[in-house]
Amino acid sequence: MAKFGDYCSSLEQVFYRELDADEHLIWTGKPYPGLMLRFNDFLLVPVSMLSCFVSFLTAKILFVHCNTTGFHSVSLIPDVFFFPAGLGFILVGLNMVLGRFFIDSMRRWRTYYAISNKRVIIVSTLFKPTTRSYFLNDLNSAKVVERRDGSGTIKLSWQDEFGIFAGENAWFFTGKDQLERIPKARTVYELLRQITV
């Protein structure tokens, strides 16, 4: 059974047009493509659900209060307005609780990593092709965060230093300045160290 890092056999083709004439690939890979629950989701999901409920309840109370206290300038807003407004709160809440997990999974599915003799390259093709490069001479602060299965994230810059919002935990930073949830992360990290010396 193929592991998640082995399902794309032609990753090199993604990077050929990105390489300079004197540049060659040393390693290519992809992040874990499935749904991924991060540590801070145990905080963000309940808070998002509570925020959605409070917003919905507040809107309902506001319209009921205005329609029963004689504020005619406000009560001119028909009750039917509450339903799309309430539906909007629900949709936003569902996106915060569930939708972002699927978007995050799709983003990782369309993300490709490479290390050349000059730089680290990250290509994302979720909405429009985007390429980010990190030259090896500038990666003195790179570090690796490993998981028990040997996969992990290689952080390429300072942006991950936010406690529980660090590295793989930071859903709003995911894909930025890091090789996220790659197989054999320690091996790739040691390779990166060797070529940056």
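Predicted model: local features only at pLDDT ≥ 70, side-chain atom pairs only at ≥ 80, totals over all residues.
Hi everyone. Let me start with a definition: two strands count as paired if DSSP finds at least two bridges between them. By that rule S5 and strand S6, residues 152–155, are a pair, antiparallel and joined over four bridges.

Now the overall picture. The protein has five helices and seven strands, and along the sequence they follow the pattern α-β-α-α-α-β-β-β-β-β-β-α. Of its 197 residues, 39% are buried. Among contacts with a separation of 6 or more, 64% are between residues 24 or more positions apart. The accessible surface comes to about 11,900 Å², and carbon and sulfur atoms hold 65% of that.

Back to the pair I opened with. Which sheet do S5 and S6 belong to? It is an open sheet of three strands, in the order S5-S6-S7, with antiparallel pairing. Strand S5 (143–146) and strand S7 (178–182) are the edges, each pairing on one side only. On average, neighbouring strands here are turned by 10 degrees against each other, direction ignored. Helix H5, residues 185–196, packs on this sheet and touches S5, S6 and S7. The direction of H5 makes about 25 degrees with that of S6.

Arg-181 lies in strand S7 and has a positive phi of about 45 degrees, although it is not a glycine. Lys-184, in the loop between S7 and H5, also has a positive phi, near 50 degrees, and is likewise a residue other than glycine. Are these two buried or exposed? Arg-181 has 7% relative accessibility, and the cut-off for buried is under 20%, so Arg-181 counts as buried. Lys-184 has a relative accessible area of 61%, and exposed means over 50%, so Lys-184 is exposed.

S2 and S3 pair antiparallel over five bridges and form a hairpin with two residues between them. In that pairing, Thr-111 stands opposite Ser-124 in S3. S3 is also joined to strand S4, residues 130–135, by six bridges, again antiparallel. Ile-121 has Ser-133 as its bridge partner in S4, and this hairpin has five residues between S3 and S4. How many residues of S3 are buried? Six of its six. Both faces are covered, with Arg-119, Ile-121 and Val-123 on one side and Val-120, Ile-122 and Ser-124 on the other.

That brings us to the interior. In soluble globular proteins, nonpolar side chains tend to be buried together. Here the largest nonpolar core has 17 residues, and those with the most contacts inside it are Val-120, Ile-154, Leu-156, Leu-179, Ile-182 and Leu-192. The elements giving two or more residues to this core are strand S2 (111–116), strand S3 (119–124), S7 and H5. H5 gives the most, with four residues. If you click on Leu-192, and leave aside neighbours within four places in sequence, you will find contacts with Ile-115, Val-120, Leu-136, Leu-139, Ile-154 and Leu-156. There is also a second, separate core of seven residues, which includes Phe-15, Leu-19, Ala-114 and Ile-121.

Definitions and conventions
Residues numbered from 1 in each chain as written. Heavy atoms only, no water. Axes fitted to C-alpha atoms, helices over the stretch in contact; angles between N-to-C directions. Contact = heavy atoms within 4.5 Å. Buried < 20%, exposed > 50% of the residue type's maximum accessible area, 1.4 Å probe, protein only. Areas by Shrake-Rupley, 256 points an atom, 1.4 Å probe, with all protein chains shown as cover. Core = buried A, V, L, I, M, F, W, Y, C linked by side-chain atoms within 4.5 Å.
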